[in-house]
Amino acid sequence: AREEDGRRRRRRKSTRELEEVLVKAVRTLANLSLEPTLGSRLSRDRAFIGSLLSMLASVTSVSMPLRQEERSTREELTMNVVSTLSNVSFYGGSSILCHGKNISRILVRLLTMGVSGNRTMAEEEEEGKRNVGGGSSGSSSGSSGGASSSSLLDDDENEFHSWLSLECARVYGNFSRTGTF
């Protein structure tokens, strides 16, 4: 048992260290994407946009860690990825516009995570499948979160979700400038 606990701690530490490196790399890319020439080029780069979307999709497919230290690293990674998407969406390149609907879907999912009891995308999809054939009145989704769970958010979560809402609005505003949506 003691040996297994040691392995778990090492795995957690290794994952946290990798996330911290990723946070710094994405933050650097977010800052670099503010420069018009580079930002415009990145907005047309399918591999770059695809990588950002993969990171966001992976964040929404797993529950947020309960430990504050791990949670803050995951939130910081999310913030940096969304900031990068916001910065490159300003330039309206072909790749960012091509992925617009997928970006919107993931951003909406991120925005609702805190309000819906922090369930993962997989859990939401599973509940959706159960509710499709059941003819329920929608009460099951209300019991899992809804507006009442937003009061359960602590100050850090409220701050994170407030920032996320603002950044998502920037992305949507950038999309609306292009007339694509």
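Trainee: What makes residues 115-120 a stretch to read with care?
Mentor: This is a predicted model, where local features need pLDDT of at least 70, side-chain atom pairs count only at pLDDT 80 or more, and totals for chains, interfaces and linings use all residues. The pLDDT is the predictor's confidence in each residue, from 0 to 100, and over residues 115-120 it stays under 50. The model still has 27 contacts for them beyond four places in sequence, a contact being heavy atoms within 4.5 Å. Over residues 134-152 the pLDDT is also below 50, with 21 contacts beyond near neighbours in sequence.

Trainee: Which helices have the lowest and the highest confidence?
Mentor: Helix α8 (residues 139-143) is lowest, at a mean of 35, and helix α2 (residues 36-43) is highest, at 94. The chain averages a pLDDT of 76, and 70% of the residues score at least 70. As for the labels, residues are numbered from 1 along each chain as its sequence is written, while side-chain values use heavy atoms, with hydrogens and water left out. Helices are DSSP runs (H or I, at least four residues), numbered from the N terminus.

Trainee: What puts the buried residues of α2 on the same side?
Mentor: The buried residues of α2 are Gly39, Leu42 and Ser43. They cover an arc of only 100° around the axis, so they lie on the same side of α2; the arc is that of the directions from the helix axis to the C-beta atoms. Buried means under 20% relative accessible area, exposed over 50%, and partly exposed in between (1.4 Å probe, protein chains only). On the other side of α2, Thr37 and Arg41 are exposed.

Trainee: How do you know that Glu35 caps the N-terminal end of α2?
Mentor: A side-chain oxygen of Glu35 lies 3.1 Å from the backbone nitrogen of Thr37. A polar contact is a pair of N or O atoms within 3.5 Å; within protein, one must be able to donate a hydrogen and the other to accept it, and residues adjacent in sequence count only if both atoms are side-chain atoms.

Trainee: Why is Asn87 called buried?
Mentor: Asn87 has a relative accessible area of 9%, so it is buried. Asn87 is found in helix α4 (residues 68-89), and a polar contact of 3.4 Å joins its side chain to that of Ser33. Not counting residues up to four places away in sequence, Asn87 touches Ala30, Ser33, Leu34 and Arg170.

Trainee: Why is the pair Glu19 and Arg74 called a salt bridge?
Mentor: A salt bridge is a side-chain nitrogen of Lys or Arg within 4 Å of a carboxyl oxygen of Asp or Glu. Glu19 and Arg74 meet at 2.9 Å, N to O. This pair links distant parts of the chain: Glu19 is in helix α1 and Arg74 in helix α4, 55 residues apart. Glu19 counts as buried because its relative accessible area is 13%, and Arg74 counts as buried at 14%. Side chains of opposite charge can pair when their charged atoms come close.

Trainee: How many salt bridges are there in the whole structure?
Mentor: A search of the whole structure finds 8 salt bridges. One of them joins Arg170 and Glu167, the closest N and O atoms being 2.7 Å apart. Arg170 and Glu167 are 3 residues apart in helix α9 (residues 155-178), so about one helical turn separates them. Arg170 is partly exposed because its relative accessibility is 40%, whereas Glu167 is buried at 5%.

Trainee: How far apart are the closest N and O atoms of Glu4 and Arg8?
Mentor: They are 3.9 Å apart, and the pair forms a salt bridge. Glu4 is partly exposed, with a relative accessible area of 29%, and Arg8 is partly exposed too, with 42%.

Trainee: Which residues have the most contacts inside the largest nonpolar core?
Mentor: They are Leu56, Val81, Leu85, Ile96, Ile103, Leu107 and Leu110, in a core of 26 residues. A nonpolar core is a set of buried Ala, Val, Leu, Ile, Met, Phe, Trp, Tyr and Cys residues joined through side-chain atoms within 4.5 Å. The elements giving two or more residues to this core are α1, α3 (46-60), α4, α6 (100-113) and α9. The largest share, 7 residues, comes from α3.
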